[in-house]
Amino acid sequence: MDVYLPIANLAVDGLVIVALGVATGILSGVFGVGGGFLTTPLLIFYGIPPTVAAASAATQVTGASVSGVFAHSRKQGVDYQMGGVTVAGGMVGALLGAVIFNLLRSAGQIDVVINVLYVVMLGTIGGLMARESLESLRHPAGKTSQRPAKRRHHPMIASLPYRWRFYRSGLYISPLGPLILGVVVGILTMLMGVGGGFFMVPAMLYILGMSAKVVVGTSLFNILFITMLVTMVHAFTTRAVDIVLAGLLLVGSVTGAQLGTKIASFAKPEHLRLVLATIVLAIALRMAFNLGVRPDEVYTVVPL
Amino acid sequence: MRWIVALLLALATAPAALAQDRDPILVPEISQHDIVLRQGFTGANLLLYGAVLDPQDRAIEYDIVVVLKGPTEPIQVREKERVFGIWINAETTSYRSVPSFYAMASSRPVLDIVDERTAAIYELGLSYLQLSPSGSINPAEQQRFSEGLVDLRQRQGLYAQYDEGVHISQGVLYRADIPIPSNVISGRYVAETFAITDGRVISSATSEVQVFKKGFELGVEEAANDYAFFYGLFAVGLSVFMGWAAGRLFAMI
């Protein structure tokens with residue numbers, strides 16, 4: 001099924017794009033990550049211009065996270081207060097990200113920086129997740145994952161002033177911590193065209209020490225609003241949102257997201273985490289190869 | 001076979017106008033003058049054809065070279081280099097006007113037809129493209145960047161060269177197929193046809209192809225550029241709606 005993309009300026013096989021949407025949708029349904037980290041590089045690999053890929057992936061992630069937010073909010077799984085703080089930070093971050101994006105683009109290093117970010121972020125998080133899930137698979141009797149009492153936030157978070165009570169997260173911490181986290185995720189979203197869920201979920205768990213019940217829902221809530229803003233920023237600055245491309249991705253990803261939530265309800269979480277870790281590591285390795293051994297293209301062309 | 005009909009028409013009407021001309025006359029034609037970028041467009045196959053008419057009926061052997069060029073754009077080419085173990089963008093060169101599309105077809109390899117100087121004058125072939133770098137840059141470096149650019153665009157299907165891509169029948173009629181990929185940009189494309197004998201261009205003619213977007217695709221492009229706010233809002237709205245609708249749909253199943 002050939003589809004012509006009016007902004008990307010080329011024809012693609014629509015079914016491939018939809019299939020890609022399904023794959024990322026399943027990821028988002030199962031793990032509560034947006035799946036943008038998979039969409040953007042694969043779209044670029046398929047020949048879509050990088051800016052169009054990042055902008056349209058952001059639009060897709062919005063759609064994939066909507067149904068997740070609804071589902072989690074019905075189960076009291078969204079801490080709106082915490083979400084509000086991270087979204088506020090994310091707004092600042094997305095705008096900061098746009099400025100950084102333009103600076104890097106005029107310096108000619110945007111693609112390099114994006115690649116480095118991918119390798120570092122995905123490599124670290126994938127590695128951590130893989131280790132954790134392998135350990136919990138090796139010691140199935142050891143109840144490492146069911147120790148809510150030992151949950152605590154990072155000492156740095158505890159040292160921040162002006163503490164608030166976040167009831168649903170079960171926290172009494174300064175809002176500055178989540179605010180800064182929001183800013184970082186906002187910048188990443190703008191630069192990498194990802195929702196930042198793969199970064200936000202572990203940060204909420206291990207740095208903020210939020211209750212595991214609300215982590216995925218709150219992260220999705222944050223992703224939802226940040227990707228909306230990022231789409232708008234891209235529409236204004238890069239003008240690279242391809243509505244046809246985003247639409248195709250959406251058809252796949254909203255369906256995939258629903259399938260994903262079904263899978264999540266019966267599969268073993270350790271297995272799921274190992275799968276996600278493998279995917280994340282594979283992408284990180286692919287990009288590291290590109291960065292360290294041989295780039296796909298030595299020469300790149302940009303319009304003046 | 002439409003091209004033969006068009007040719008016969010051209011042959012019937014041309015001789016009167018060129019009775020006193022000494023040099024042969026080229027009558028070029030293109031199978032389509034409009035390429036519309038819209039749904040279902042996956043590229044096109046242009047047939048460039050025509051005839052060489054010699055008013056004095058001499059039996060001269062011609063070679064034909066056809067060059068199709070897309071609209072030019074100013075671009076910057078970046079070169080990646082390995083610095084501290086990773087590949088980063090290092091050197092750049094800017095070009096004032098580079099054709100977004102270039103295809104050449106010839107009846108024989110270009111250097112069998114003309115010498116290098118003539119090839120460079122008429123830009124016959126990818127090696128003889130006159131890319132105009134802005135700012136001073138040494139020739140060796142310029143050569144490297146130009147080769148990098150041509151190689152990249154060749155792999156994108158935007159630059160191509162077909163040696164022996166022109167078929168001449170009975171010394172009068174010629175035809176060349178030039179494929180147009182889907183990733184071409186809108187604008188005016190110019191096809192130049194050269195008739196060459198003894199290393200000399202004895203006749204040339206141009207014809208045009210317009211590539212443009214229409215209907216929905218044009219609307220999307222204009223909306224994205226002129227109504228960025230509403231376009232962005234629409235994209236956001238669409239994604240929220242689709243996410244919500246899928247949730248409702250699956251809840252019912």
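Start by selecting residues 2–17 of chain B: this is helix α1, and among the elements of chain B it has the lowest mean pLDDT, 54. Now jump to residues 102–106 of chain B, strand β7, where the mean pLDDT is the highest of those elements, at 95. That score, pLDDT, is the predictor's confidence in each residue, from 0 to 100. Helices (H or I, at least four residues) and strands (E, at least two) are DSSP runs, numbered from the N terminus.

Next, pick residues 15–20 of chain B. The pLDDT is below 50 there, and beyond near neighbours in sequence the stretch has five contacts in the model. Two residues are in contact if their C-beta atoms, placed from the backbone, lie within 7 Å.

A quick note on what you're viewing: this is a predicted model, where local features need pLDDT of at least 70, side-chain atom pairs count only at pLDDT 80 or more, and totals for chains, interfaces and linings use all residues. Residues are numbered from 1 along each chain as its sequence is written, while chains are lettered from A and ligands numbered from 1 in the order in which they are written.

Now show both chains. Their contact takes 47 residues from chain B and 46 from chain A. Which element gives the largest share of chain B's side? Select α6(B), which supplies 14 residues.

Finally, select residues 299–303 of chain A. This is strand β5 of chain A, and five bridges join it to β5(B), running antiparallel; strands pair if DSSP finds at least two bridges between them. Zoom in on Val302(A), and you'll find Gln76(B) of β5(B) standing opposite. For the complex, the predictor gives an ipTM of 0.83 and a pTM of 0.81.
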